[in-house]
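User: I'm new to this one and would like to be walked through it. Could you put it up so we can go through it together?
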Amino acid sequence: MKRSTLLIVISLTAIILFSCAKVVFTGRRQAKLIPSNQINSLSFQQYDSFLQQNPPMTSGAQLAMVRRVGLKIQQATEKYYRANGMADQLREFEWAFNVVDDPTVNAFCMPGGKVVVYTGILPIAQDEDGLAVIMGHEVAHALAHHGNERMSQTLGLQGALLAIEAAIAIGQGAPADTAEAARNARTRGAIMQAAGAGAQVGVLLPFSRKHESEADEIGLYLMAIAGYDVDQAGPFWERMNAGGGERPPEFLSTHPDPERRSQRLRELAPIAKEIAKQYP
């Protein structure tokens with residue numbers, strides 16, 4: 001039992017160490033345990049299924065605007081990747097930009113570059129600059145492989161919790177009677193519950209906030225390269241947050257603090273403008 005527990009820990013450590021990659025633009029190191037082609041295959045299936053259940057718009061000014069902005073963000077991405085010797089990575093993206101007539105304030109980009117914008121978010125965008133903030137942010141999630149990273153974190157945590165539970169069982173030893181076995185089981189359950197909560201608050205939620213902040217940053221750079229006004233990013237998120245209602249404390253939230261988020265984008269705007277000059 002001890003040997004198998006040790007093997008689990010060693011295997012998880014080795015997988016994480018040898019699956020490290022760097023996030024585009026920011027250079028942050030991340031664990032990617034799942035091949036992109038597997039992630040994208042599932043992603044494209046889910047995207048097609050979503051559009052079957054939520055028929056996208058086929059014409060109109062809103063669709064034209066989304067596709068116009070989407071194309072510029074796509075071209076900015078391709079310009080950056082080619083200029084930095086990463087053109088081969090573009091093969092994993094199959095871009096699509098669709099609009100769903102739905103009042104929900106939302107937009108998303110699936111791994112592999114499949115984008116959906118809900119009409120409910122367009123009044124908050126107000127114009128193409130605001131829409132570029134949205135689409136740059138969502139495309140950034142795909143470019144940074146945040147979906148793969150979240151899945152990899154979950155796999156790693158599941159393996160780590162199994163190793164902890166096995167170690168606890170070893171430490172308790174063989175129970176002398178049924179009553180002791182029940183006590184041991186309750187103890188293991190309490191410890192595992194605490195460990196699971198600690199993993200959620202200490203690892204998954206902070207990484208979710210990190211992903212959102214990272215997508216903000218990368219999205220800002222993309223919209224700058226695409227020729228949009230990055231000074232509109234802060235005001236856009238202020239408009240988004242104005243209708244957000246009450247929020248949980250930041251350490252229990254999946255998103256960064258709204259005021260800090262807007263302020264950070266304002267601080268990054270001059271950097272984004274300088275980056276854009278490198279990719280005319």
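User: Let's start with strand β4, residues 107-110: which residues lie on each of its faces?
Analyst: This is a predicted model, and in it strand β4 has A107 and C109 on one side and F108 and M110 on the other, with all of them buried, so that both faces of the strand are covered.
User: And in what sense do β4 and β5 pair?
Analyst: Strand β5, residues 114-118, pairs with β4 in the antiparallel sense over four bridges, and the bridge partner of C109 in β5 is V115. The two strands form a hairpin with three residues between them, and G112 in that turn has a positive phi of about 100 degrees.
User: Switching to helices, at what angle do α5 and α8 pack?
Analyst: Helix α5 (residues 128-143) and helix α8 (residues 233-242) pack at an angle of about 85 degrees, their axes being 9 Å apart, which means that α5 is roughly perpendicular to α8.
User: Which residues make that contact?
Analyst: From α5 there are G130, V133, I134 and H137, and from α8 there are A233, F236 and W237; by class, the contact has five nonpolar and two polar residues, and no charged ones.
User: Where is the confidence lowest and where is it highest?
Analyst: It is lowest in helix α1 (residues 2-18), with a mean pLDDT of 48, and highest in helix α3 (residues 61-83), at 98, while the protein averages 78 and 68% of the residues score at least 70.
User: What about residues 190-206?
Analyst: Over residues 190-206 the pLDDT stays under 50, and the model has 24 contacts for them beyond four places in sequence.

Conventions. Residues are numbered from 1 along each chain as its sequence is written. This is a predicted model: local features need pLDDT of at least 70, side-chain atom pairs count only at pLDDT 80 or more; totals for chains, interfaces and linings use all residues. Side-chain values use heavy atoms; hydrogens and water are left out. Axes are lines fitted to C-alpha atoms, for helices over the stretch in contact, and angles run from 0 to 180 degrees between N-to-C directions. Angles under 35 degrees count as roughly parallel, over 145 as roughly antiparallel, 65 to 115 as roughly perpendicular and the rest as oblique. Contact means heavy atoms within 4.5 Å. Ala, Val, Leu, Ile, Met, Phe, Trp, Tyr, Cys and Pro count as nonpolar, Asp, Glu, Lys and Arg as charged, and the others, Gly among them, as polar. Buried means under 20% relative accessible area, exposed over 50%, partly exposed in between (1.4 Å probe, protein chains only). Two strands pair if DSSP finds at least two bridges between them. pLDDT is the predictor's confidence in each residue, from 0 to 100.
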